Amino acid sequence: PSSAASDQRDVYDKAFGRADGNTLNTGTMERPLEATRMENSTSSCFLMERRTRVKINRKEVMLAKLRKSCSCTPKKLKNFVMDFLPVLRWLPKYQCKEYIWGDVMSGLVIGIILVPQAIAYSLLAGLKPIYSLYTSFFANIIYFLMGTSRHVSVGIFSLISLMVGQVVDRELLLAGFDLNDDAPSAWGDGSLQNDSQSNSTAFNLTVAGMNAECGKECYAIGIATALTFVAGVYQVLMGIFRLGFVSMYLSESVLDGFATGASLTILTAQVKYLIGIKIPRSQGHGMLVITWINIFRNISQANLCDVITSAICIMVLVTAKELGDRYKHKLKFPLPTELVVIVVATLVSHYGKLNEVYASSVSGAIPTGFIPPKVPHFNLMLRVAVDALPLAVVSFVFTVSLSEMCAKKYAYTIRANQEMFAVGFCNIIPSFFHSFATSAALAKTLVKTSTGCQTQVSGVISAMVVLLVLLFLAPLFYSLQKCVLACIIIVSLRGALRKFQDVPARYHVNKVDTLIWVVTMSASALISTEIGLLVGIVFSMLCIIVRTQQPRTTLLGQIQNTSFYEDDLEYENLSSVPKVKIFRFEAPLYYANRNYFLKSLYRLTNLDPNLEAARRKKYEKEKQHLKKGDHTTANGLGMRETTLQLVPKQNDFQALVVDCSSISFLDTTGVNTLKEILKDYKDLNISVLLACCNPSVTDSLKRGGYFGKDCGSMQEMLFYSIHNAVQFAKDQKCAPKQLPLFPYK
């Protein structure tokens, strides 16, 4: 090796601490060395050795994992059970003196809030209040056993109830049932009885070869439990196959837009209870618009008693909420306003006989006790299999998001995959006990944390409060007006509806995210919640694609007296490099943005090599005609005039430096695009130099043959920094004398 190469190896040995005297044989290298020009006072070249990639036998790895997963030892079985039921790990370490007071207080408060909300949200789900109470009870118990978050409150949630209710209403209509809420009930005596007479229409349900006559209420809860069971199965399968990444496609803008759009739908569905009119429950696309049209058509039939009651309840609830928010730091626990309103409203309705005198719609009898468990119908599962998918994703995303938020705030960790299992079994197991889909709820979670919750023991306390109502207190809510429940639901939507106030600030921060929010919100409200969620996901992905299809492109200028370069349009006092153009492309280079890359490059450099090459060819052709004595052309112009028009353009640069620092990857089209501009500019005697390529981009270029068959020309084409490339371009005449940048022998 030459003395220069020897000096180069000495620099490498000193940099990497090789004190053993062993040097690298550049003549027979076992793995490539990448040398990078650095601005260094002691050396102009620095070698970096690429790590050897160990080839992995995927078949052997898969077999080893399979053998490991299939093996069963007592220790492994114990760990599996402990992981599947996290309560076995933390409950034995429970610090009773420190935690019990906060858990009991938060559990009682959440239980008190759960009861009126469960009864109210039954209107959204299109089911009897008893099923909402079952849902709240079982969800808290199961999440206590399987959840990894200490603070999340899992149970009935307004958005999930709405999604369940839309499927239930659709299937009831298809089965020929009347959606009139005031259909006679079989539970008039407050006991659990067969409900086959709960509607004048009966549905012959065939399950496993057996025919059973099923009434409206029976069929409605059958649809809800089948939907819940399938959603839970989806969530468990997502946990088994590690598909939690699906939640990454639900951005904050999509979730906020979906929640706001669904809130508008919920509000619209409750207006008829608010003013006491009877209109058909709209189904399908455009439900919000159709419902409002029906409301205004029947506004003259409004029940004055319900209107007055609603106005009073909303005024009391909103005032209490605002005062609670303003003085929440002084209050040890939130005021149970909903419970107070329900108790007072029930007493007034009962003793004032509002149902009999003013025809005000009431909740009716709520039975006590538990219905015997029942397996969800397989035939109904097939009908709702598609509807269960968005329900499963939304339920999981809200639960994991709230769990991560609480874990970050209180400095502990959760296991997202176990959360998926937990919420999955919170749907699967309760579906056998006449319950419907559940999720974590933001409002109750915030209340839980503010009242001193320490562990999920608080969930057990909340479940006990609900159980007390189920066993003894449920019949007391017979005279509760539905307009009061509607008021509770509407006031609980304040947080989501306030998102409209944040639109200007959101727009100021990011216009694209604001557009995603508006599109998702509009689709969720005007079409349907499921379609709105899908539209939001697709539109957000399209926005990402558009951003990469038309990314920012610019020419760079040099910061004076430094080795740094920045956007010439964004910064002043940048100096241009003579005879060198520096082009930056701020996106991956792939098939979708290839044309935009080329157009931007030609526009910013003011040179299209294809047009310039054609111009030069035509110029040479006309010169040949001139030598032969032909002084006219086919278009009738004189040869001298034509020649003047075709004079080749004098290039104001001799080297093009492409800043690849923002190019995260190249596909085959991207590599071919760079090879194309390399060839086209070479024909015009313009060098193309690449700077700041990451290793994956470099490997793609190697595999694509960008540097030639043996990569021998890599030292003249690839540089560690823009300044290295610019310096090389300035000294290009001396390039053969310099040390090779990527020596491959």
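**View 1. V657 and L689, a bridge pair across two strands.** In this predicted model, V657 has L689 of strand β12 as its bridge partner. The two strands involved are β11 (residues 653–659) and β12, which pair in the parallel sense over five bridges. To get from one to the other, have a look at helix α26 (residues 668–683): together, β11, α26 and β12 make a right-handed β-α-β unit.

**View 2. Strand β12 from end to end.** Here's the strand formed by residues 687–691: five of its five residues are buried, so β12 is largely enclosed by the rest of the structure. Side chains in a regular strand alternate between the two faces of the sheet. You can see that here, with S687, L689 and A691 pointing one way and V688 and L690 pointing the other, all of them buried.

**View 3. On to strand β13.** Strand β12 also runs parallel to β13 (residues 718–719), and two bridges join them. Pick out L690 in this view and you'll find its bridge partner in β13, L718.

**View 4. Strand β10 and its partners.** Six of the seven residues of β10 (residues 579–585) are buried, so this strand is mostly covered. With β11 it pairs in the parallel sense, over six bridges, and I582 has V657 of β11 as its bridge partner. That's the V657 from View 1, where its partner in β12 is L689. Strand β7 (residues 553–559) is another partner of β10, but this pair runs antiparallel and is joined by three bridges. Look for L555, which stands opposite F583 in β10.

View 5. The unreviewed UniProt entry lists several stretches as "transmembrane region", including residues 141–164, 421–443 and 514–542. Take residues 141–164 to begin with: this span is 54% helix and 8% strand, with its end C-alpha atoms 22 Å apart.

Key: Residues are numbered from 1 along each chain as its sequence is written. This is a predicted model: local features need pLDDT of at least 70, side-chain atom pairs count only at pLDDT 80 or more; totals for chains, interfaces and linings use all residues. Side-chain values use heavy atoms; hydrogens and water are left out. UniProt positions are given in the numbering used here, feature names are shortened, and annotations may be inferred rather than shown by experiment. Helices (H or I, at least four residues) and strands (E, at least two) are DSSP runs, numbered from the N terminus. Buried means under 20% relative accessible area, exposed over 50%, partly exposed in between (1.4 Å probe, protein chains only). Two strands pair if DSSP finds at least two bridges between them. A crossover is right-handed if, with the strands pointing away from the viewer, the path from the first strand over the helix to the second runs clockwise.
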